[in-house]
Amino acid sequence: MTAKKLSRDTKHTVSVCLNGRDRQALAEPRMLLTDWLRHEIGATGTHVGCEHGVCGACTVLIDGVAQRACMTLAVQVDCRKVDTVESLASQEGQLNDLQTSFKKHHALQCGFCTAGILMSCSDWLERIKGRVPEQSEVREMLSGHLCRCTGYTPIVAAVMEVAQARYSVRNNESAQFKSNKEPFDA
Ligand code: FES
Ligand code: FES
């Protein structure tokens, strides 16, 4: 595939499916995804900490995979799917299970790191579905994030609780599916 050549002095239209909605805005080739989301689109849930890939505060999902938005150019996400922390709660503002668990376990204080941590956890919980992880795995996953106020113990507790709850729901659903299916298999 030939790479598209972009003029450095021109603003280019970047089109994405952002949190399930088609959005478009202009970006110079050097503009970071963090700046584009916050300043051009107004999606300010994504935070900017170190701006060089260390703290994890800017983490978003690009095509379902957690990535640093401060290490990504806006033009790189053209025609792709981007999900930010704003995608987690319902339209009516109902927190999802992960956000609810963070609240319950006091897994945030100032909340600056939280947007990025929630997005990494969302991706990771999807990838490990079908099993309950060890605490050490949660800690390893979180090692890509810096939180300067909460401490990691409540964050680990919150993630473990969601992993266990999702595992139980999935198991119950598959048991129910099997029992519904049996009469037809006989
Ligand atoms: Fe992107 Fe710190 S702001 S990793
Ligand atoms: Fe303040 Fe993590 S809750 S930096």
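**Figure 1. Leucine 26 and its surroundings in the predicted model.** Leucine 26 counts as partly exposed, because 13 C-beta neighbours lie inside 10 Å of this residue. The model is a predicted one. In the secondary structure, leucine 26 belongs to strand β2, which covers residues 21-27. Leaving aside residues up to four places away in sequence, leucine 26 touches Lys11, His12, Thr13 and Glu40.

**Figure 2. Leucine 26 and alanine 89.** How far apart in space are leucine 26 and alanine 89, C-alpha to C-alpha? The distance is 27 Å, and 63 residues separate the pair in sequence. The chain is divided into domain 1 (6-87) and domain 2 (88-186).

**Figure 3. The contact between domain 1 and domain 2.** The C-alpha centres of domain 1 and domain 2 are 24 Å apart. Domain 1 brings 17 residues to the contact, and domain 2 brings 14 residues. On the side of domain 1 that touches domain 2, strands β3 (59-62) and β4 (65-68) each provide at least two residues. Strand β3 gives the most to this side, with 3 residues. By residue type, the side of domain 1 that touches domain 2 has 9 nonpolar residues, 8 polar residues and no charged ones.

**Figure 4. Helix α3, residues 114-127.** Which residues of α3 are buried? They are Thr114, Ala115, Gly116, Ile117, Leu118, Met119, Ser120, Cys121 and Ser122. Helix α3 has 14 residues, and at 1.5 Å a residue it should span 20 Å. The expected span is 1.5 Å times one less than the number of residues.

**Figure 5. The chain around the close-ups.** The chain has 5 helices and 5 strands. Read from the N terminus on, its elements follow the order β-β-α-β-β-β-α-α-α-α. Along the principal axes, the C-alpha atoms of the chain fill a box of roughly 65 × 45 × 35 Å. Of the 186 residues in the chain, 30% are buried. Among contacts in the chain with a separation of 6 or more, 59% join residues 24 or more positions apart.

Definitions and conventions
Residues numbered from 1 in each chain as written. Chains lettered and ligands numbered in written order. Predicted model: local features only at pLDDT ≥ 70, side-chain atom pairs only at ≥ 80, totals over all residues. Helix = DSSP H or I, 4+ residues; strand = E, 2+ residues; numbered from the N terminus. Buried ≥ 20, exposed ≤ 12 C-beta atoms within 10 Å, placed from the backbone. Contact = placed C-beta atoms within 7 Å. Domains from an automatic or database assignment. Nonpolar A, V, L, I, M, F, W, Y, C, P; charged D, E, K, R; others polar.
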